[in-house]
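Open the model in your viewer and keep the selection tool ready. This tour goes stop by stop.

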Amino acid sequence: MRKCWGLVKIREDGDCHHAVDAVVIATITHQRIANIAKFNQLQERFYHKDGRLVNGITRKVMTADEKAEYDQQQIDLLSKRLPLPWPTFRDEVKIRSAIKYDRNDFTPEEKTALRKLGYSESEMASARPVFVSRMKNVKTTGAIHKETIMSGREYAVTKRLIKSVSLTDIKLSDKPEPKLLKDDPCPARSIENYYDPSSDRLLYLALKKYLLEHNNKIDETVAKNFHKPRHDGTPGPSVKAVKMYEKCSRAVMLPNGMAANDGMYRVDLFTKEGKYYLCPIYWADVYRHQLPNQVIAIGKDWLTIDDSYQFAFSLYQNDLVRIKSKNDIKLSKDSNHQNQKSKKPQVITGKEFLVYYNGTGIATACIGIKSHDRCYTQPSLGVKTLLSLEKCYVDILGQVYSAPYAPRQEI
């Protein structure tokens, strides 16, 4: 029916095609279903072979007269017996299903087009573009910490944990060595996050030399037979792993070490002097029944919440937010929505969007957002200097309205 009525379906253009499917289904009558069944019977009677149609019963190639009759029957069945539900149906569906990312209303041009299609002013007042309604994801359980147990002996000072890492996972960075080492072949580069190179200088320099000479990579074969050099240059004991730092803003103390926080339950937003601040709440906090009192600060200790901060609202995954920015916000096409047939641009920009919240990044004090049709995404939107960040609600029919203020909830 979609093909017959000229409604193109491209799944990679987002979830709007479900709404168009619903419209098509709503307009199909029993008579149309019977006509489609008759058309399918006609199609099944013949099959293609060497570019020609062959009768499946007689096994004879279709003659020119039969082909003309066959084509006419298709026209009669599809074009004449399956007309549009009403003359302006196709044009109306295309306008009504045009996705909007910055508003929940039609453009002036679309309103003019709908009036030309016969919409009254009362119908115009209630008509809205398709808006995909998604259920807020409020989990009742989650992982307290990540599986890897690490040493936390320096955590109180450096906010870094120490873990064992396979040789295949170490890489050189472009950062110079913080401390010069004797016989270092390249002080301008260092092994990223390596723990205390001076504690075993010969091993560190041997690893660094190998990475410099082998395109910054240690393969599995070499890693299984890598030996620490002795002072006389002979091979020493084999080494399978080395200690590395891992940055960790929040960690959980365990009987045998420490582990990084895992799942985030929600994020609370606060305002101060016209700026927004994020206070993540992890499952570890939930199980402790202890509400956090710090907001993210980039590159330094997190800030303690005091009376100068005002609570705004909490966000769970798939909460709807309206964002406004002084500068353009860029959303890129999601990797799952790439298609050569799609006419949608790879990137959309604007100063205002109505999007779903999709997570928090503590390293850069940002949130992840997705367009309501899941076509576009921005994984790291900084919130501190946004002009406006408003929480909204959306009902199952896609009607959007501002969320009323609610006090901060305990956990």
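Buried here means under 20% relative accessible area, exposed means over 50%, and partly exposed is in between (1.4 Å probe, protein chains only). Helices (H or I, at least four residues) and strands (E, at least two) are DSSP runs, numbered from the N terminus. This is a predicted model, where local features need pLDDT of at least 70 and side-chain atom pairs count only at pLDDT 80 or more, while totals for chains, interfaces and linings use all residues. Residues are numbered from 1 along each chain as its sequence is written, and side-chain values use heavy atoms, with hydrogens and water left out.

**Stop one: helix 2**

Select residues 17-27, which form helix 2. Colour His17, Val20, Asp21, Val24 and Thr27: these are buried. Now look down the helix axis. The buried residues fall within an arc of 135°, so they line one face of helix 2. That arc is taken from the directions from the helix axis to the C-beta atoms. An α-helix has 3.6 residues a turn, so residues three or four places apart point the same way.

Turn to the other side of helix 2. Ile25 and Ala26 are exposed there.

What do the buried residues of helix 2 pack against? Show helix 1 (2-5), helix 3 (30-45) and helix 5 (89-96): these are the partners. Contact means heavy atoms within 4.5 Å.

**Stop two: salt bridges**

A salt bridge is a side-chain nitrogen of Lys or Arg within 4 Å of a carboxyl oxygen of Asp or Glu. The structure holds 20 of them.

Arg2, Lys9 and Asp21 are linked in a network of salt bridges.

Next, select Arg134 and Asp15. Their side chains meet in a salt bridge (2.4 Å, N to O). Arg134 sits in the loop between helix 7 (121-126) and helix 8 (155-158), Asp15 in the loop between helix 1 and helix 2, and the two are 119 residues apart. Buried or exposed? Arg134 is buried at 13% relative accessible area, and Asp15 counts as buried at 19%.

**Stop three: Arg322**

Select Arg322 and Glu352. A salt bridge joins their side chains (3.7 Å, N to O). Glu352 lies in strand 17 (residues 347-361) and Arg322 in strand 16 (residues 320-333), so the pair ties together parts 30 residues apart in sequence. Glu352 is partly exposed, at 27%.

Glu390 is partly exposed, at 25%.
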